[in-house]
Amino acid sequence: MLKCYDCSEENKVSEAVGVCIVCGKGLCMDHIKEVELPMKGGYPLPHLTLKKDLPRMMCRECIEATIGDIGCV
């Protein structure tokens, strides 16, 4: 099974429940964060916008590096 990367850096062992969509590291429930990112279409449907944002899983480091403080870190 995939283990949580952040836990391993803290000398702990826990199973990952998902992966960060930016860096790809495995994360447990304590380290993974769900963020809603707006999704817009591209080629061949450049003007397509989804009615609801899709949930995405990210690690705290990637949230801070890409989105900044959004209140879920």
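C62 is found in helix α2, which covers residues 60-66. The model described here is predicted.

**C62 and its surroundings**

- C62 counts as buried because its relative accessible area is 11%, and buried means under 20%.
- Leaving aside neighbours within four places in sequence, C62 is in contact with C20, V22, C23 and I67.
- One of these contacts, C20, is 42 residues away from C62 along the chain, yet the C-alpha atoms of the two residues are separated by 8.0 Å.

**The nonpolar core**

- The largest nonpolar core has eight residues, namely C20, L27, I32, V35, M58, C59, C62 and I63.
- Strand β3 (32-37), strand β4 (54-59) and helix α2 each supply at least two residues of this core.
- In soluble globular proteins, nonpolar side chains tend to be buried together.
- L27, a member of the core, touches C20, I32, M58 and C59, among other residues, when those up to four places away in sequence are not counted.
- The contacts of L27 also include C4, D6, A16, V17 and G18.

**The salt bridges of K25**

- The side chains of K25 and D6 meet in a salt bridge, with a distance of 2.9 Å from N to O.
- K25 lies in the loop between β1 (18-19) and β2 (26-27), whereas D6 belongs to helix α1 (residues 5-9), so this pair ties together parts that are 19 residues apart in sequence.
- Both partners, K25 and D6, are buried.
- K25 also forms a salt bridge with E61, and the closest N and O atoms of that pair are 3.0 Å apart.
- This second pair links distant parts of the chain, since K25 is in the loop between β1 and β2 and E61 is in helix α2, 36 residues apart.
- Salt bridges that share partners join D6, K25 and E61 into one network.
- K25 counts as buried because its relative accessibility is 11%, which is under the cut-off of 20%.

**The salt bridge between E10 and K12**

- E10 forms a salt bridge with K12, and their closest N and O atoms are 3.1 Å apart.

Technical notes
Residues numbered from 1 in each chain as written. Predicted model: local features only at pLDDT ≥ 70, side-chain atom pairs only at ≥ 80, totals over all residues. Heavy atoms only, no water. Helix = DSSP H or I, 4+ residues; strand = E, 2+ residues; numbered from the N terminus. Buried < 20%, exposed > 50% of the residue type's maximum accessible area, 1.4 Å probe, protein only. Contact = heavy atoms within 4.5 Å. Core = buried A, V, L, I, M, F, W, Y, C linked by side-chain atoms within 4.5 Å. Salt bridge = Lys/Arg side-chain N within 4 Å of Asp/Glu carboxyl O.
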